[in-house]
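Work through these exercises with the model open in a viewer. Try each task before reading its solution.

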Amino acid sequence: MVTALLFTVNVLAPYLLTASMTPPDRLVYLSSGMARGGDADLSDPQWTDRRWSGAQAYSDSKLFDVLLALGVARRWPDVLSNSVEPGWVATKMGGPGAPDDLDRGSVTQAWLAVSDDEAAKVTGRLYHQEERSVPAEAHEATVQDALLDYCAELTGTSIHASR
């Protein structure tokens with residue numbers, strides 16, 4: 001089923017990988033500009049009861065990635081946790097007419113993961129090495145926790161606050 005697969009790949013897999021590891025120094029989650037059109041409502045995050053909309057489901061899943069990054073940052077305050085928007089690039093999904101630079105698409109992720117540059121030692125959401133705004137609800141602890149709790153329920157694995 002496409003609905004469950006999209007949520008599983010884009011949200012549940014990064015959640016489970018994170019929950020299964022010892023807190024690292026840095027985390028980088030892949031989001032999208034489409035997250036700005038996402039809906040953080042968890043009443044049907046896997047789109048099993050509502051009429052399917054691929055674009056909306058994708059947008060929701062990428063907003064959930066932002067919530068995951070910020071929620072983990074709250075629970076693990078010593079970890080730099082970011083969601084990255086690589087841009088609309090010419091891939092199979094983005095299409096051949098995508099206007100962004102494919103080569104720049106991965107630069108920010110690598111920079112956040114390993115750079116000693118002070119500008120890379122942040123938590124938040126970035127696009128081409130610059131901070132990007134997120135929907136207001138992404139900053140709400142209750143919304144972040146609702147997603148983390150939902151994922152914990154599905155996987156049987158929790159992300160606990162660091163000591």
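**Exercise 1.** In which loop is aspartate 44 found? Is aspartate 44 buried or exposed?

*Solution.* The model is predicted: local features need pLDDT of at least 70, side-chain atom pairs count only at pLDDT 80 or more, and totals for chains, interfaces and linings use all residues. Residues are numbered from 1 along each chain as its sequence is written, and side-chain values use heavy atoms, with hydrogens and water left out.

Step 1. Locate the residue. Aspartate 44 is in the loop between strand S1 (26-30) and helix H2 (54-75). Helices (H or I, at least four residues) and strands (E, at least two) are DSSP runs, numbered from the N terminus.

Step 2. Check exposure. Buried means under 20% relative accessible area, exposed over 50%, and partly exposed in between (1.4 Å probe, protein chains only). Aspartate 44 has a relative accessible area of 8%, so it is buried.

Step 3. List contacts (heavy atoms within 4.5 Å). Not counting residues up to four places away in sequence, aspartate 44 touches Asp49 and Arg50.

**Exercise 2.** Give the strand order of the sheet and say which strands stand at the edges.

*Solution.* Step 1. Two strands pair if DSSP finds at least two bridges between them. Four strands form an open, mixed sheet in the order S1-S2-S3-S4.

Step 1. Find the edges. S1 and S4 each have a single partner strand, so one side of each is left without a neighbour in the sheet.

Step 2. Place the helix. H3 packs on the sheet and touches S1, S2 and S3. The direction of H3 makes about 165 degrees with that of S1; axes are lines fitted to C-alpha atoms, for helices over the stretch in contact, and angles run from 0 to 180 degrees between N-to-C directions.

**Exercise 3.** Which residues touch the most other members of the largest nonpolar core?

*Solution.* Step 1. A nonpolar core is a set of buried Ala, Val, Leu, Ile, Met, Phe, Trp, Tyr and Cys residues joined through side-chain atoms within 4.5 Å. The largest has 27 residues, and Tyr15 and Ile159 touch the most other members.

Step 1. Find the contributors. Helix H1 (2-19), S1, H2 and helix H4 (141-155) each give two or more residues. H2 supplies the largest share, eight residues.

Step 2. Look apart from this core. Another core has five residues, among them Val84, Trp111, Ala120 and Leu126.

Step 3. Return to H2. 18 of its 22 residues are buried, so H2 is largely enclosed by the rest of the structure.
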